[in-house]
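The points are grouped by topic.

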Amino acid sequence: MVTPHDAPNPDPSQTGPVGYPGQGKLAVRSRRRFSFRNAPRWFKITSAVVAVLLVAVVAFGGYWVWRLQSNISKSALGAGGIRTEGPVDDSKDRLQILVLGTDTRSGKNGQFGTVDQSSGYGQSDVMMLVDISADNNHVNVISFPRDLLVDVPACTDSKTGQHYPERQNAMINSAMAEAGIGCAVDTVNKLTGLEVDHFMMADFNAVTELSKAVGGVDVCVSSAVDDPESGLHLPKGTSQVEGDQALAFLRTRHAFTDGGDLGRIKAQQSFLGSLVRKLKSEGTLSDPQKMLGIADTVTKNLTVDDGIASVPALLTIAGRLKNIDPAKVNFITVPNVPAASDPNRLDLDEPAASNFFAALKQSADLSQPAPSAAPSAAPTATGTPAAPYSKALQPVTVANGTGVSGRSQEIGTLLSNAGFTKLSRIQAETRAQTMVYYGAGFADVAADVAAMFGLPASSVQQVDAVQGVQLYAGQDFATGDKPTLPAAKPSDVVNQTAQDQTCQATNPLG
């Protein structure tokens, strides 16, 4: 009998597991321990170099996150205005960011003027609403002329707690002068019916430094410009501007077209379009080294709301923008007309402005006209005119896709009161838009049901599987007696896209 102490040593060539008393099974090769001390010299050197590199990368990344984060200034998103929408997911939801340029001469902006011209919060020298669709396929950049007369709501300064009463017929660029950036956000919300998700405010220095960081931006003028007030000096044709000349191009009020704010807005839109094309063509947005330099420049001169006051949040937004086609970046100016009270000021052009805001609220895609709100004739049977029918005998089904429990009962009552009493009701999957479906031989009934609820012909469709007529009520019919129809999209609102290379018409009197 062989005791455990007398057990033979395992065969070194054995590759399977062997018995190991008290420890279960242990593979023979696992008993061979690696000693770093006995490792080859080349391995030690390589390991040391890799370790140093890893530490350097982590330290470098940590330094830049710290640096960029310490650059960012932040402020409250609103100034007391009521918000009805919850927070958005910046990575995938539709996103609306108010971009502001302050004309303050406080602090490092003193080189551009004196504090008596504009101090403290300053006025919004530039005001643009950047609207990014959820699928990242459409971006609208909507400019608000600084001379536009609007109603500024009552605002409370988030820093001082001081309350400012509402003001009527005030220039929109003065909205943030008293109560801060949040008041500008509340003013745009009130004006448009939208709810801005974030804001970014930059100063004069941001423009000069950013234009240097990207190596200049190409601009074009139809004739030579020599504007002593802004300091803009350009020859006819295309030039590259950076630093003070870039700022002068964006700020001049007298060099372009009629010498007013609308000409300056067109120049600003062209400048941004040229900047987008340059960043895309040179691959800047995919180059970490270039992006770090630009990010450092921008964050030093940027104030944002609390929701995006972090490097990861800003990178999330940048990530959504980097792959967007410049041809899908629309530059739009809010519809306006000369103000009746002052020819040097502007009023909203109604009803064009209201129609534009309504269309924008429903969709970021302004490329295709929406269905007309006016109902048109639904399909009718071919051949001779349809014969009269008894409404009480026509089978009509109400499919509840509104997402509101019991809604089919309310809609069914509307149909019964109109004479369609042969009704049935079913629960259906939630959908956005109300439709009328009909089977063969019921085109005339479907047309009458659609007309009853003000639905256009595009909302009526023949489906072989439907028996009679089916009113499929969507979320647009969750309340009321009729569905809420899409607002007609305004035509000719896009001034230019980021793909367009435009040349600014100069002011002959400038």
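**Gln269**

Gln269 counts as buried, because its relative accessibility is 0%, below the 20% cut-off for that class. The model described here is predicted. Two sites are taken in turn, followed by the confidence scores.

- Gln269 sits in helix α6, which spans residues 261–281.
- A polar contact of 3.2 Å links the side chain of Gln269 to the side chain of Asn495.
- Neighbours within four places in sequence aside, the residues in contact with Gln269 are Ser143, Phe331, Ile332, Thr333, Asn495 and Gln496.

**Ala399**

- Strand β20, residues 396–400, contains Ala399.
- Ala399 has a relative accessible area of 0% and is therefore buried.
- Apart from neighbours within four places in sequence, Ala399 is in contact with Ile426, Ala428, Gln470, Leu471, Tyr472 and Ala473.
- Met435 is 36 residues from Ala399 in sequence, and the C-alpha to C-alpha separation of Ala399 and Met435 is 9.8 Å.

**Confidence**

- The average pLDDT of the chain is 80, and 77% of the residues score at least 70.
- Residues 57–61 have a pLDDT below 50, and this stretch has one contact in the model beyond near neighbours in sequence.
- The pLDDT is also below 50 over residues 369–386, a stretch with 27 contacts in the model beyond near neighbours in sequence.
- Where pLDDT is low, predicted coordinates should not be read in detail.

Methods. Residues numbered from 1 in each chain as written. Heavy atoms only, no water. Helix = DSSP H or I, 4+ residues; strand = E, 2+ residues; numbered from the N terminus. Buried < 20%, exposed > 50% of the residue type's maximum accessible area, 1.4 Å probe, protein only. Polar contact = N/O pair within 3.5 Å; in protein donor to acceptor, adjacent residues only side chain to side chain. Contact = heavy atoms within 4.5 Å. pLDDT = per-residue confidence, 0-100.
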